[in-house]
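Dear colleague,

Please find below the structure that I am handing over to you, together with its sequence. My notes on it follow directly after.

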Amino acid sequence: MIRKHVVMTLGVLGLALAQGGFRLELPGLAPQAPLRSVCEGRNVSPAVVPLQVPARTQSLALIFWDSAKGALIARWLVYDIPPAARLSPGLPRAALLAHGIKQGQNGLGRLGYDAPCQPGMYQVDLYALDVPSLGLPPGATLHEVKAAIQRHRLAEAIRKVSLER
């Protein structure tokens, strides 16, 4: 059942780069993670926990970036996330999830999460937005999601992850 993958919560402690106190935690994914824990095996999306979400936030959007070969590639696009939501690990490759959460097309042209399999630096950006929905259909492209985020962005929380062999 899809509903079990999205947990509504408000309290978890964590460290991350922050903007005005807004930050995100990726439980189970250390700032320096062995590559095998991310790309080998089941290709499981990480848990995402927003912390100290700004008061005016009506929704959240997430982009997991891969900077492989000098280009930015989206590994995961998630938007229309309720401000109190926590994304559990292992979300299905569905365009529409519980609570109206949507997933877009990643840089490989697929829905959902595709784990990076090259050593290097990766970044997860979580955006606090001033609208309850970006107004995009499920399966939107990176270009569409980024353009909508820029029009409604209140704050951004950034988490960097270094993957090593």
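A residue is called buried when its relative accessible area is under 20%, exposed when that area is over 50%, and partly exposed in between (1.4 Å probe, protein chains only). At 0% relative accessibility, Trp 76 counts as buried. Please note that this is a predicted model, in which local features need pLDDT of at least 70 and side-chain atom pairs count only at pLDDT 80 or more, while totals for chains, interfaces and linings use all residues. Residues are numbered from 1 along each chain as its sequence is written, and side-chain values use heavy atoms, with hydrogens and water left out.

Overall organisation

The protein contains two helices and 10 strands. Helices (H or I, at least four residues) and strands (E, at least two) are DSSP runs, numbered from the N terminus. Along the sequence, these elements follow the pattern β-β-β-α-β-β-β-β-β-β-α-β. Of the 165 residues, 48% count as buried. A contact means heavy atoms within 4.5 Å. Among the contacts with a separation of 6 or more, 73% come from residues 24 or more positions apart.

The sheet

Two strands are taken to pair if DSSP finds at least two bridges between them. Strands of a sheet pair through backbone hydrogen bonds, either parallel or antiparallel. Here, six strands form an open sheet with mixed pairing, in the order S3-S10-S9-S5-S6-S8. Its edge strands are S3 (32-34) and S8, each of which pairs on one side only.

Strand S9 is antiparallel to S5, to which eight bridges join it. Within this pairing, Ile 63 stands opposite Asp 125 in S9, and Ala 61 stands opposite Tyr 127 in S9. S9 also pairs with S10 in the antiparallel sense, over 10 bridges; there, Gly 120 has Leu 163 in S10 as its bridge partner. Because eight of the 10 residues of S9 are buried, this strand is largely enclosed by the rest of the structure.

Helix H2 (residues 142-152) lies across S5, S6, S9 and strand S10 (153-164), and runs at about 130 degrees to S5. Axes are lines fitted to C-alpha atoms, for helices over the stretch in contact, and angles run from 0 to 180 degrees between N-to-C directions.

Strand S10 also holds Val 161, which counts as buried at 1% relative accessibility. Leaving aside residues up to four places away in sequence, Val 161 touches several residues, including Leu 26, Leu 29, Ala 33 and Tyr 122. The C-alpha atoms of Val 161 and Leu 29 are separated by 7.9 Å, although the two residues are 132 residues apart along the chain.

The aromatic residues

Rings of Phe, Tyr and Trp (its six-membered ring) pair if their centres lie within 6.5 Å; planes under 30 degrees apart count as stacked, over 60 as edge-to-face and the rest as tilted. The structure holds three aromatic pairs. In one of them, the ring centres of Phe 64 and Tyr 113 are 5.7 Å apart and the planes stand at 75 degrees, so the pair is edge-to-face. This pair links distant parts of the chain, 49 residues apart: Phe 64 is in strand S5 (residues 59-66), and Tyr 113 is in the loop between strand S8 (102-103) and strand S9 (120-129). Phe 64 counts as buried at 2% relative accessibility, as does Tyr 113 at 5%.

Trp 76 and Tyr 113 form another edge-to-face pair, at 5.4 Å centre to centre and 75 degrees between the planes. Since Trp 76 lies in strand S6 (residues 73-81) and Tyr 113 in the loop between S8 and S9, the pair ties together parts that are 37 residues apart in sequence. Phe 64, Trp 76, Tyr 113 and Tyr 122 form one aromatic cluster.

The cavity

On a 1 Å grid over the protein atoms alone, a cavity is a set of points where a 1.4 Å probe fits but cannot get out; lining residues have an atom within 4 Å of a point. Grid points are joined across faces, edges and corners, and a volume is the space filled by probe spheres set on the points. By this rule, there is one cavity of 30 Å³ or more, and about 40 Å³ of space lies in the largest cavity. Its lining includes Val 48, Pro 50, Leu 60, Ile 81 and Leu 126. Strand S7 (85-87) and S5 each supply at least two lining residues, and S7 gives the most, with three.

With kind regards

Conventions:
1 Å grid on protein atoms, 1.4 Å probe; cavity = no way out; pocket = protein on both sides within 12 Å on 5 of 7 lines; lining within 4 Å.
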